[in-house]
Amino acid sequence: MAIEMEKSILIVVDDEADLVNLFSEALTSHGYSVIGFTDPIAALSHVKQEPFKYNLLITDYRMPKLNGCELGLKLKGLNKNIKVILISAYENIEDNKLLNFKLYHKPIPVKKLIAIVDDQLKTNE
């Protein structure tokens, strides 16, 4: 069952505000509703209020306080159906939790990110 774009609400989390803004604007112009955060703890607190409202998380791996894998696992604990896209500028990440998510490397072109999001929301994993 595919999720309709208009009903999909995405969360973008990166400690770099410019990337949050870039990804949020691009995905919004593509028809998605997007909420952006530069603080993973704030994002987690926000999602806890309505965990089933969100369809997909796009998050940086390395962030202060909580890395992207940890954030993704916590959100999956709240809503097992949320999809997670993990992005990192680092090539060599050794984290056993990465097995839970597909990792994409920065810089990621906006068109590629949109294609990845579209594909993730079409799947029913």
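Modeller: Keeping in mind that this is a predicted model, I would begin with helix 2 (residues 40-49), which lies across strand 1 (9-13) and strand 2 and runs at about 135° to strand 2.

Colleague: What is the strand order in the sheet, and is the pairing parallel or antiparallel?

Modeller: The sheet is an open one of 5 strands in the order 2-1-3-4-5, and the pairing is parallel. Strand 2 (33-37) and strand 5 (102-105) each have a single partner strand, so they stand at the edges with one side left without a neighbour in the sheet. From one strand to the next, the twist averages 20°.

Colleague: How many bridges join strand 4 to strand 5?

Modeller: There are 4 bridges between strand 4 (residues 83-88) and strand 5, and the two run parallel. If you want one to look at, take serine 88, whose bridge partner in strand 5 is histidine 105.

Colleague: And what pattern does the chain follow along the sequence?

Modeller: Its 4 helices and 5 strands come in the pattern β-α-β-α-β-α-β-β-α when you read along the sequence. Of the contacts between residues at least 6 apart in sequence, 68% join residues at least 24 apart, and buried residues make up 46% of the 125 residues in the chain.

Colleague: Back to strand 2 for a moment: is phenylalanine 37 buried or exposed?

Modeller: Phenylalanine 37, which is found in strand 2, counts as buried because its relative accessibility is 14%, and the cut-off for buried is under 20%.

Colleague: Which residues is it in contact with, sequence neighbours aside?

Modeller: Leaving aside neighbours within four places in sequence, phenylalanine 37 is in contact with Ile11, Val12, Val13, Asp14, Val20, Ala42, Ala43 and His46. As for serine 24, 13 residues away along the chain, its C-alpha atom is separated from that of phenylalanine 37 by 9.9 Å.

Colleague: Different topic, aspartate 118. Where is it, and which side chain of opposite charge is nearest?

Modeller: Aspartate 118 sits in helix 4 (residues 110-122), and it is buried yet has no salt bridge, since the nearest side chain of opposite charge, lysine 122, is 5.6 Å away, whereas a salt bridge needs the charged atoms within 4 Å.

Colleague: Then what does its side chain make a polar contact with?

Modeller: The partner is the side chain of tyrosine 32, at 2.4 Å. Beyond its neighbours within four places in sequence, aspartate 118 is in contact with His30 and Tyr32.

Methods
Residues numbered from 1 in each chain as written. Predicted model: local features only at pLDDT ≥ 70, side-chain atom pairs only at ≥ 80, totals over all residues. Heavy atoms only, no water. Buried < 20%, exposed > 50% of the residue type's maximum accessible area, 1.4 Å probe, protein only. Lys, Arg positive; Asp, Glu negative; His and termini not counted. Polar contact = N/O pair within 3.5 Å; in protein donor to acceptor, adjacent residues only side chain to side chain. Contact = heavy atoms within 4.5 Å. Pairing = 2+ DSSP bridges. Axes fitted to C-alpha atoms, helices over the stretch in contact; angles between N-to-C directions.
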